[in-house]
Amino acid sequence: MKRRQFLATSGLAALGATTLGLGVASLARKAQAAPMAMTIQPARYALEGTVTEGMISLSPDAPPPVLRLRRGVEFVAEVTNQAEDYTAMHWHGLRIRNDMDGVPYLTQVPMGPGDRYRYAFTPMDAGTFWYHPHCNTMDQMARGLTGVLIVEDDEDPGFDLDLPVNLRDWRLGDDSQFIDLYTARGAARAGTFGTVMTANWAQDPIYDAPAGGLVRLRLAATDTTRVYRLHLPGAEGRVIALDGHPVIDPVGWPAPDAPLILGPGQRADLAIRMPAGEGAELALLNEQPGGPRSLLRLRATGEDLGHALDDLRPLTANALPEPDLDNAELIEFVFGWSPDDAPVNNGFCGTLGYTFWSINREAWPGDASASDPLAVLERGRTYILRLRNESPNDHPIHLHGMVFKPIASNRREVAQNWLDTAMLLEEETMDVVLVADNPGDWAFHCHVIEHQKTGLTGYLRVT
Ligand code: C2O
Ligand code: CU
Ligand code: CU
């Protein structure tokens, strides 16, 4: 489909003027000093001893920066595409205007090489989010383009150190150069795993933190495939936020036999009290086949600050809509294999050359194709989405533009916290509740990118 034709048929222009309720407008009190220039471009970087070529970042020789926005302050980014392929930038987890969401064909025309796109929105929620391309997603994310985005609140809870952690892997050979970024075998199963695990583009980095001080560890799982199982032996701490939003239903402190499960796309903010003794270390471990592996370490430095977790002021709640469970409508979704005759996902935004997955037995045909929404939701109403995984693999199911709260599962106790990504385990059926308060077409997909790109994608329309 041609770009013009797409614009004419999608109703994009009509959606352009919508905003997310009155909250955002009344929050917007000051503007960012100047638009932020972001250039998607080729990069090279030494993740190991040797420089890896063929990476994609926002500068030629560094990871995508941590973006720090402010709640209620308009953010403007002029994004230029200096990569070789089409792209679009998505702000994962932010509840913003639909036309700023960065999803090719649903909300914007993808940017060709040399193109520029202006994103402008006012974040209404404080917390830990992230950004990544939503076109040629497999290629560009695997090559590096995933960054942490923090929306700051005016209130400071009293941390001594705020440490964003971008967790992700890389598919590198012995020569530190990229090998195949995905495989058909992986795409049809749990995804293709990286060979090098990193935190902030470093292997098991050590960060200094004040002894006896309070650290806010902002974990973002930006890998295309890996489901992390995390814990910090010997650490005293609390899980204070999930997917950006303050925890309202307490989540246990992770342990080796009950780790914090963080699937692709998800975030967790941990409050940690550093040991008092200078030089003492805490390790963030991932439980994985072959034994636990350290992803990063915190080293206590200086004199004991003597701070306690109870000294922290609670995070300010985000203004989230209250579900009306008594009048909720149930909508069912089933995630599984694709029908045999499903077409191969295709479009300007890249194909993996296969179709394996589906939502409600339909495989997403590709970014450029016009497809019907999986469901049409009435603005302001409460819905229960019944998410049924009929496959033997895990699927982190992500919804754009809104958040939901798990309320039931056939496999486990669920903590009822606001999320944008639900970690659906194999054969699990989970009910999540949502208030359809943000108008537009919102992508709804698995965040294992190989699943997303081989059929497990769709969208919900809020009218
Ligand atoms: Cu993290 Cu559809 O995105
Ligand atoms: Cu998203
Ligand atoms: Cu999946």
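# Pockets, copper sites and cavities

Strand E16 gives the most to the lining of the largest pocket, supplying three residues. Strands here (E, at least two residues) and helices (H or I, at least four) are DSSP runs, numbered from the N terminus. Before going further, some housekeeping: this is a predicted model, where local features need pLDDT of at least 70, side-chain atom pairs count only at pLDDT 80 or more, and totals for chains, interfaces and linings use all residues. Residues are numbered from 1 along each chain as its sequence is written, chains are lettered from A and ligands numbered from 1 in the order in which they are written, and side-chain values use heavy atoms, with hydrogens and water left out.

Back to that pocket. Its volume is about 610 Å³. Of the 25 residues in its lining, Leu-242, Val-251, Ile-261, Arg-412 and Ala-415 are the closest to the centre. Strands E14 (236-242), E16 (260-262) and E26 (421-424) are the elements that give two or more residues to this lining. By class, the lining splits into 18 nonpolar, three polar and four charged residues. In that scheme Ala, Val, Leu, Ile, Met, Phe, Trp, Tyr, Cys and Pro are nonpolar, Asp, Glu, Lys and Arg are charged, and the others, Gly among them, are polar.

How do you tell a pocket from a cavity? On a 1 Å grid over the protein atoms alone, a cavity is a set of points where a 1.4 Å probe fits but cannot get out, while a pocket is an open set with protein on both sides within 12 Å along at least five of seven lines; lining residues have an atom within 4 Å of a point. Points are joined across faces, edges and corners, and a volume is the space filled by probe spheres set on them.

By this rule there are two cavities of 30 Å³ or more. The largest cavity holds about 110 Å³ of space, and its lining includes Val-103, His-134, Trp-364, Asp-367 and Lys-453. That lining has five nonpolar, four polar and two charged residues. The second largest cavity has a volume of about 80 Å³. Of its 13 lining residues, Ala-142, Asp-169, Arg-171, Asp-223 and Thr-224 are the closest to the centre. Helix H4 and strand E9 (161-170) each supply at least two of the lining residues, with E9 giving the most, three.

H4 (residues 137-142) also holds Gln-140. Gln-140 counts as buried, at a relative accessible area of 0% (buried is under 20%, exposed over 50%, partly exposed in between, with a 1.4 Å probe and protein chains only). Its side chain makes a polar contact with the side chain of Thr-87 at 2.7 Å (a pair of N or O atoms within 3.5 Å; within protein, one must be able to donate a hydrogen and the other to accept it, and residues adjacent in sequence count only if both atoms are side-chain atoms).

Now the metals. Which residues coordinate the copper ion (ligand 2)? His-90 (NE2) and His-398 (NE2) do, at 1.9 Å. This pair links distant parts of the chain, with His-90 in strand E5 (residues 89-92) and His-398 in strand E24 (residues 395-399), 308 residues apart. His-90 is buried, at 1%, and His-398 is buried, at 1%. Donors are N, O and S atoms within 2.8 Å of the metal (3.2 Å for Na, K and Ca); water is not among the atoms, so sites may look incomplete.

The copper ion (ligand 3) has His-395 (ND1), Cys-446 (SG) and His-451 (ND1) as protein donors, 1.9 to 2.1 Å away. Their sequence spacing reads H-x50-C-x4-H. Cys-446 is buried, at 0%, and His-451 is buried, at 0%.
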